[in-house]
Amino acid sequence: MKIGQLGRLAALKAVALASALLLAACGTTAGGSGADGASQSDSTPRKGGTLVVGLYLEPLALDPHRQGYWETYRVSSNIIEGLVKEDLSDPEGPNKLLPGLATEWKVSDDAKTWTFTLRKGVKFHDGSDFNAQAVHKNVRRVSDPQYEFYDETSVPKLAVWFGDLVKGEVVDDYTYSFEFSKPFLGFPRILAQAMSTLPIGSPAAWEKHGNDGFADHPSGTGPYTFVSRTVGDRIVLKKNPSYWGEEPYLDELVFRIIPNNQTRLAALLGGEVDLISYVQPEDVQTLESRGFQVPTGHGAAFLYLTFNYKNKVFDDEKVRKAIIHGIDRQKLADELYNGNAKPVYSLQPPGNEAYDPAARDFEYDPEKAKSLLKEAGYDPGELTFTIVADVANQNTVEWLQSQLKNVGVTADIVTLDRPNYVARAFGTPGPTDGLSIDEYGGTYAEWLHQVLTTNIAKKGFDLDGNTEIKDAVEKARDATDPDKRIELWKAAETKVRESAVAIPAVTLTKYYALGPNVRGFTFAATNWYDLTKVWLAK
Amino acid sequence: MGTLKHILWRLLNIVPVLFVVSVLTFLVGRLTPGDPIEAQFARDHTPEQIEAIREAYGLNLPVWEQYAKWVSDLFTAGGGQSIVQNQPVFDILGPNFVNTLILTAAGVVICAVFGILVGLIAGTNHRRFLDRFAMLFVQVGSNLSVYWFGLILIWIFSLQLQWLPTSGMESRNGGGLGDVLAHLVLPGFSAALISMLVLARFTRLGIVQNLQADYVRTFRSQGLPRWKLIGKHIGRNILPPVVNIIGLEIGTLITGVIFVESVFNWPGIGTQLVNAVNGKDYTLIQGGVVLVALCYLVVNLLTDITVDALNPRLRR
């Protein structure tokens, strides 16, 4: 029964697309209010009011350690904060680090132990005190099987950063230290991220409601407190009257879940919501012509292709290089994405603290690609594999297929819905699978380690067997001199890049759209935003 | 006594139908490719951990045991745990299901009122302009996509005329019956569209046929006013088929509402089920389908009872 309906759904979507174009076309001619007229004239921030945000998907659990999806963090970061924050008023990046629940932090000489001085006088929303014991329970929840509220769901998510944690220690009521088995200079920036890290939730809340129940009663120290959540409809937050930091302007935040792109757009145009994410590039003109603001950015994320190393074809570096030589990424950005993308040539994307704008891997050169394939023993047409992708990337992989055909590589395409894609690409790939495509990224230099261990290694890359890469990454991870850290990560990225381990593709231009009276919003160089600076003009 | 026995018998009949539905939804879920646990956890869990989770959900058991466990969960454990949301299925679907029923009810009312009205106008003006015009409207309307129709309604009535809200169930300042009703108009119409037109056709046909019947000619020759003829006699005669059609169309409405919910962002189970399908959340899909099937059966039963009650020959 469901299957047939989904088929219908797909067909209907095509119709909807056509009508959406109509909708957009009509929108441009109508709609009066000028874009340049009233907009930024009133510049004194005004307190009060409710901001309604239209989210494009249902957030996952509002739980500090079970985070998934940026859309989840755009909600939960208002409730739950970390020890360290990033300055989200900077559209360029890399973002400055700011004190969060910790006022300062220092690292030991061997770079293995971080000691945080905690903010005093802070209370969780449920009234319990924030102090070193509370931090300790957060650490135990994700690392100590002896703890009654040890959370098995969180542990694997945090393993990439907290796997090397030897112990967390309460030094005194407002001092807490983390000791790792390896140097970890990048730790503070990791603490300021959304996923796989340690925002501080109220232990009293999970002790009362249980680990699974926490998400229904989320309690942190943030500028907004949780009011209610109706799955499939909305999440409501209200201003925390006793917030420790600068008072936010808005009284209330409402996050409505509106998965349908056209409906979300209509809700903004109709004035029912004030801010939407995942704006489609083709809607930008409609929005701007009607006086809506459309901030753009790249958010330190990018599309990249990874080889399926379980397919022995890709053991040969020449094959991997040939494939990179065969793809014209500038053209991908210009033609397929109509300029709504920038080509990327390194695994540290723009916005990352170790991004090197000059880095280049293997330039587009079809002749070179062919001769490399020949050297590797493949005549034109002999190399065959399957590209596996999420249906959302259908156009991209079709484009790639035609590019590869030009250099004599035959690529079949399999596109799957999201869950099946993840299961196949990360779990059990088919024997002829060759490439898969993902989008992720981060502002921290250690991102390289993350993508290697959680994505590329999952796809069969033998990190231990590639000693040069392994050593370079280890060296960067082992850095004890803060001044050398970024350089070492750049060096590690160079090694990875030279071995053609994966194919960076493009970073997509992302759009939010704001109502004409929304002020103070910045598209920060990351994948979430700060609503405490946002206010509503009359 | 006879009717009561009849109703009981029909109630009993629901059980085997539900059994078949539950087996089918269960099997369809299992037969589609892909593993929900791997889909959820392949990114950051090792194969051993994934196996452990699979065991925790009982997905390593033989299929018939899984089925038996699920059926017992339907009665005792709120439909089982949702794989993605980790909560009992009926806890998740419950509040949304009420919203779906509200939208369906609005659809039924709109369908009945306008369907009969259009059919009546067309039927009593048989082969005249109004009839042709109404039937053109019916023809075109029947071929519209609900999805597209919904977007067009939003564009006209919400964005251009700004009479009605675009989506959701309540305005930003919330609340009030009037507010909910305003939010119901567009999705209600979109949901009702196809059924309304089907009903209009049947009503028209009924009236046209009856107008040619012998008893009508007799009444006419006796000088009975036209309104009385249509209202009292023809109306009575076409009521049972009309009720039947409405009953059948409620079923269509419940399933159609799923698309309408997506366009108008109505917080009902349709949105939930689409999410569940995208996330391969077996238990949630199964629970939702069984719930919808149950509704369908109950509505059918109620229709039959109503039709029987309307038929004097079946009354004692």
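Two residues are in contact if their C-beta atoms, placed from the backbone, lie within 7 Å. By this criterion, 40 residues of chain A are in contact with 46 residues of chain B in this predicted model.

The side of chain A that touches chain B can be described by its elements. Those that give two or more residues to this side are the helices and strand labelled α1 (2-29), β1 (50-55), α4 (154-162), α7 (261-269) and α13 (418-427) of chain A. Of these, α1(A) supplies the largest share, with nine residues.

Chain A may next be considered as a whole. Its secondary structure comes to 16 helices and 22 strands. The C-alpha atoms of chain A fill a box of roughly 70 × 65 × 50 Å, taken along the principal axes. A compact globule of 538 residues would have a radius of gyration near 24 Å, and chain A has 24 Å, so the two values agree.

Buried residues make up 50% of the 538 residues in chain A.

Finally, the confidence of the prediction deserves attention. The model scores ipTM 0.78 and pTM 0.83. For chain B, the mean pLDDT is 83, and 97% of the residues of chain B reach 70 or more.

Note on methods
Residues numbered from 1 in each chain as written. Chains lettered and ligands numbered in written order. Predicted model: local features only at pLDDT ≥ 70, side-chain atom pairs only at ≥ 80, totals over all residues. Helix = DSSP H or I, 4+ residues; strand = E, 2+ residues; numbered from the N terminus. pLDDT = per-residue confidence, 0-100. Rg over C-alpha atoms; globule rule 2.2 N^0.38 Å. Buried ≥ 20, exposed ≤ 12 C-beta atoms within 10 Å, placed from the backbone.
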